[in-house]
Amino acid sequence: MRLSLALAGLLLAGTAAAGDQPAALAELELLAEHPVAGMTAGNLSGLTRCGGEWLALSDREDDRLYRLQPGDGVWQAEAETFDAPPVPPSALPWGLRMRTWAANLVRGGKLDFESISCDAKGNRYLLSEAHVALLQVGPSGMAEWLALPDGLIRQARASGMLLRHNALLEGLAIEPGGTRLWLAAERERRGLLVLHLEKGRWRCTGGCILMSEAGQRRSPLTPQSDAHYPRSFGDLAYFDGKLFSLERLEHRICRRDPTTGAEEKCWSFVAAALAEGRAYPEPYGVAEALWLDQEGAWLGLDNNDLARADGERRPLLWQFKAPAGGWSAP
C-alpha cells in the first residue's frame, strides 16, 4: 500500500512538473537584428507600419512618435512631435493613479505610451498605460483623446485586471477599417478587451472582456531556477483576420480568435533570446512591441536602459521569418 501511494505521488509530481512548463513550440528563425539610433530616451515600447512607413514609440516621451528609416544595420529614428491635450478624467482608483504619477515623475513619461497601431486612413492610435487611455494622432498631426466606454475599467477590474501599479494596459491592435480594436491587460491578471465603433462612439458591444486569466510560469531564460513569474501580454497585432499576442515571459507569439481571445497556435522565439551575447540581466524578457505580415514578424525590444551580455544598450528590432505554412496554418 505504501509503495502504491509513493508511486502515485511520484506520478502526480511528474505530471505537475510537466504541466508547469508550456509544450515545446516551433522556433521562429531570426533573420536580422537592427539597433535603432536617434530615440533620445530609448525604451522602444511600440511598433507598427502605417502607409508603408515604420513607426515606433518610447514610453519615456509624451510628445512624439518616431518614423524609422531602415538600413542594412542600424535603423535611424526621426521624431514626429505632437501636442497631446489634457488627459480626460480616469476611472482608476485614486491610490493607483497617484502611484503611477509618482513613478512616472521619477522616470519620465507621464503618459507612459506602451503601444501604437494604425488604421487604413492613416490615423495613429497611442495607448497610454498610465491613464488607460487612447490618443488618436491624425495624419496632419492633430491629437485627441478618444472617449472610451464608461464601463471599460469597471468591467476589467471586476474580472481581476487593472488592479496593480505598472500592470495596466500594455497592448493595442485595430482593424484597418478602424471600427474594432483590442486592448491587452499586461499581467496579474492578464486579459484581452474589445471595443466597437458604433455611430461615432466606442462601445462595449456585448461586454468589453474577451478573456481574463491568472497563472505563473518559469522563465525560459533561467531554466535552472525554480522562480515563477506572472504570465503577461506585451503587445497585440491584427493580421489576416486574426489577433496575435506577444507573450513576453514565455518568449512566444500566439494566434488568437479575435471574437473570443482563445489561443489557437503559438510560436517561440526563445532560441534567439538565448543566443550568445543576447541575454539581459533580468528574467522577464524585453520584447514589448509586435508587428507582423505575410513575410514575418518584427519585435521591438525595450531594454530599460540595460546593457545585454555583449554590451549593446540601444533599442533593437528583431526580424523573424514567417513560420512554415504561414501564420494561418493549422
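**Space and strands in a predicted model**

Biologist: Among the residues lining the largest cavity are 9 nonpolar, 2 polar and 1 charged. What makes a residue nonpolar, polar or charged?

Modeller: Ala, Val, Leu, Ile, Met, Phe, Trp, Tyr, Cys and Pro count as nonpolar, Asp, Glu, Lys and Arg as charged, and the others, Gly among them, as polar. The lining includes Arg-278 and Gly-285, so these count as charged and polar by that rule. This is a predicted model, where local features need pLDDT of at least 70, side-chain atom pairs need 80 or more, and totals for chains, interfaces and linings use all residues. Numbering starts from 1 along each chain as its sequence is written, and side-chain values use heavy atoms, without hydrogens and water.

Biologist: Why is a space called a cavity and not a pocket?

Modeller: On a 1 Å grid over the protein atoms alone, a 1.4 Å probe fits in a cavity but cannot get out, whereas a pocket is an open set with protein on both sides within 12 Å along at least five of seven lines; lining residues have an atom within 4 Å of a point. Volume is the space filled by probe spheres set on the points, which are joined across faces, edges and corners. The largest cavity has about 100 Å³, and the largest pocket about 480 Å³.

Biologist: What makes E17 and E20 edge strands?

Modeller: Strands are DSSP runs of E, at least two residues, numbered from the N terminus, and they pair if DSSP finds at least two bridges. The open sheet runs E17-E18-E19-E20, with antiparallel pairing. Strands E17 (235-239) and E20 (263-268) each have a single partner, so one side of each lacks a neighbour in the sheet.

How values were computed: Helices (H or I, at least four residues) and strands (E, at least two) are DSSP runs, numbered from the N terminus.
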